[in-house]
Amino acid sequence: MALESTPNHTQSVAGWAAHDSSGKIVPYIFKRRENGVNDVSIKVMYCGICHTDLHFAKNDWGITMYPVVPGHEITGVITKVGSNVTKFKIGDRVGVGCLAASCLECEFCQNSQENYCDQIQFTYNGIFWDGSVTYGGYSDMVVADHRYVVHVPDNLPMDAAAPLLCAGVTVFTPMKDCQLVESPGKKVGVVGLGGLGHVSVKMAKAFGHHVTVISTSPSKENEAKQRLGADSFILSTNDEQMQRGKRTLDVILDTVSAQHSLGPILELLKVNGTLALVGAPDKPIELPSFPLIFGKRSVKGSMTGSMKETQEMMDVCGKHNITCDVELIEPDQINQAFDRLARNDVRYRFVIDIAGNSKL
């Protein structure tokens with residue numbers, strides 16, 4: 001069913017969209033559905049720019065439905081509440097992440113793992129239950145089913161909290177799976193110091209671990225230690241440093257989205273250690289068997305998190321006062337931000353000031 005033929009899509013909304021694989025973002029007026037019984041309407045304040053937005057804008061994965069309105073790191077304020085909604089009220093500070101809909105009936109939906117539902121639909125470039133294409137947070141307002149919305153703790157600034165909705169939960173979930181959230185004193189490695197990596201360092205330190213940043217950039221050492229509080233740094237292109245680091249880490253979070261070999265990284269793990277992959281290189285990565293076999297090591301992936309985990313992550317960030325380091329931009333700077341993001345020229349996350357407000 002085309003969006004135009006969905007009868008209750010009557011709200012005209014101003015946003016920003018890409019219309020072809022050039023990925024150029026331009027102002028775009030489109031229609032959203034009326035607020036239903038299970039919905040909340042949200043005035044968007046801020047929206048983070050995730051690397052995924054760039055991939056979808058340029059159709060790098062060959063699945064973009066144009067026009068695409070990106071954005072799945074959304075913070076805002078509720079303006080309308082459906083009659084079935086009990087957990088939210090008008091004026092609440094809320095966040096919307098990657099998920100817009102799932103089947104609600106499969107084993108994953110029933111067990112608060114709906115991010116692994118095989119009918120999962122995303123906040124943009126998905127197909128909602130009514131057959132319409134979903135449009136993301138590069139827009140003035142969104143309408144979301146309340147089951148895919150979380151509360152933003154009062155002490156977190158809305159702009160610096162926005163990237164937690166994707167980057168934050170993406171690294172929190174594997175940390176939780178590896179028992180890092182409640183059990184301090186582990187040796188944790190973080191590969192890459194970008195949007196995901198810098199949040200990983202902050203979380204791992206807040207949870208009481210010894211943190212080692214592993215990077216190809218010597219310039220990141222100062223940043224990792226002085227600004228983010230990492231305990232040590234390994235330059236992955238330096239054989240001597242890599243050699244010294246062998247069998248020293250319990251868990252490694254690999255946040256790198258460029259193609260790279262996992263062999264040398266696996267060697268840094270202790271026997272029985274775990275490598276959690278959360279970056280998404282577009283080509284297969286090299287996985288040699290010997291470091292796995294000789295170290296009884298595991299490699300696992302992790303995809304964002306469930307809504308329950310997302311709320312837990314937000315609450316934990318509120319408790320430890322964890323936010324992202326952001327560079328605030330205006331909507332007319334999105335294309336420059338995309339260009340800079342493609343060159344990894346951002347510390348560490350661009351956030352669009354959608355509402356044009358000062359910090360709330």
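**First stop: a network of charges**

Select Lys202, Glu223, Arg227, Asp325 and Arg347, which are linked in a network of salt bridges; a salt bridge is a side-chain nitrogen of Lys or Arg within 4 Å of a carboxyl oxygen of Asp or Glu. This is a predicted model, in which local features need pLDDT of at least 70 and side-chain atom pairs count only at pLDDT 80 or more, while totals for chains, interfaces and linings use all residues. Residues are numbered from 1 along each chain as its sequence is written, and side-chain values use heavy atoms, with hydrogens and water left out.

Helices (H or I, at least four residues) and strands (E, at least two) are DSSP runs, numbered from the N terminus. An α-helix has 3.6 residues a turn, so residues three or four places apart point the same way. Glu223 counts as buried at 13% relative accessibility, whereas Arg227 is partly exposed with 46%. Here buried means under 20% relative accessible area, exposed over 50%, and partly exposed in between (1.4 Å probe, protein chains only).

Which residue forms a salt bridge with Glu223 at 3.6 Å between the closest N and O atoms? It is Arg347. This pair links distant parts of the chain, since Arg347 lies in the loop between H11 and S17 and Glu223 in helix H6, 124 residues apart. Arg347 is partly exposed, with a relative accessible area of 38%. Stay at Arg347 to find a cis peptide bond that joins it to Tyr348, with omega about -10°.

**Second stop: the open sheet**

Next, display the strands in the order S12-S11-S10-S13-S14-S15: these 6 strands form an open sheet with parallel pairing. Two strands pair if DSSP finds at least two bridges between them. The edges are strand S12 (232–235) and strand S15 (298–301), each of which pairs on one side only. Neighbouring strands of this sheet are turned by 20° against each other on average, direction ignored. Helix H6 (residues 220–227) packs on the sheet, touching strand S11 (210–215) and S12, and its direction makes about 165° with that of S12. Contact means heavy atoms within 4.5 Å; axes are lines fitted to C-alpha atoms, for helices over the stretch in contact, and angles run from 0 to 180 degrees between N-to-C directions.

At the S15 side, 4 bridges join strand S14 (residues 269–277) to S15. Select Leu277 to see it opposite Gly301 in S15. Most residues other than glycine have a negative phi, and most peptide bonds are trans. Asn272 is partly exposed, with a relative accessible area of 49%.

Move to Val251 in strand S13 (residues 249–254). Is Val251 buried or exposed? Val251 is buried, with a relative accessible area of 6%. Leaving aside neighbours within four places in sequence, its contacts include Cys178, Leu180, Leu269 and Thr274.

Select helix H4 (residues 167–177), where 9 of the 11 residues are buried, so the helix is largely enclosed by the rest of the structure. Among the buried residues are Val169, Val171, Phe172 and Met175. The buried residues of H4 pack against helix H5 (195–206), S13, S14, helix H10 (307–320) and S17. Just after H4, Gln179 takes a positive phi of about 55°.

Select Asp39 and Arg33, whose side chains meet in a salt bridge (3.0 Å, N to O). Asp39 is buried at 6% relative accessibility, and Arg33 is buried at 11%.

Finally, select Phe290, Ile293 and Phe294, a nonpolar surface patch with about 400 Å² of accessible area together. Patches are made of residues with over 30% relative accessible area and no salt bridge: like charges are joined within 9 Å, nonpolar side chains (Val, Leu, Ile, Met, Phe, Trp, Tyr) within 5 Å. Accessible areas come from the Shrake-Rupley method with a 1.4 Å probe; for residues, only the protein chains shown count as cover. Phe294, in helix H9 (residues 289–295), is exposed, with a relative accessible area of 59%.
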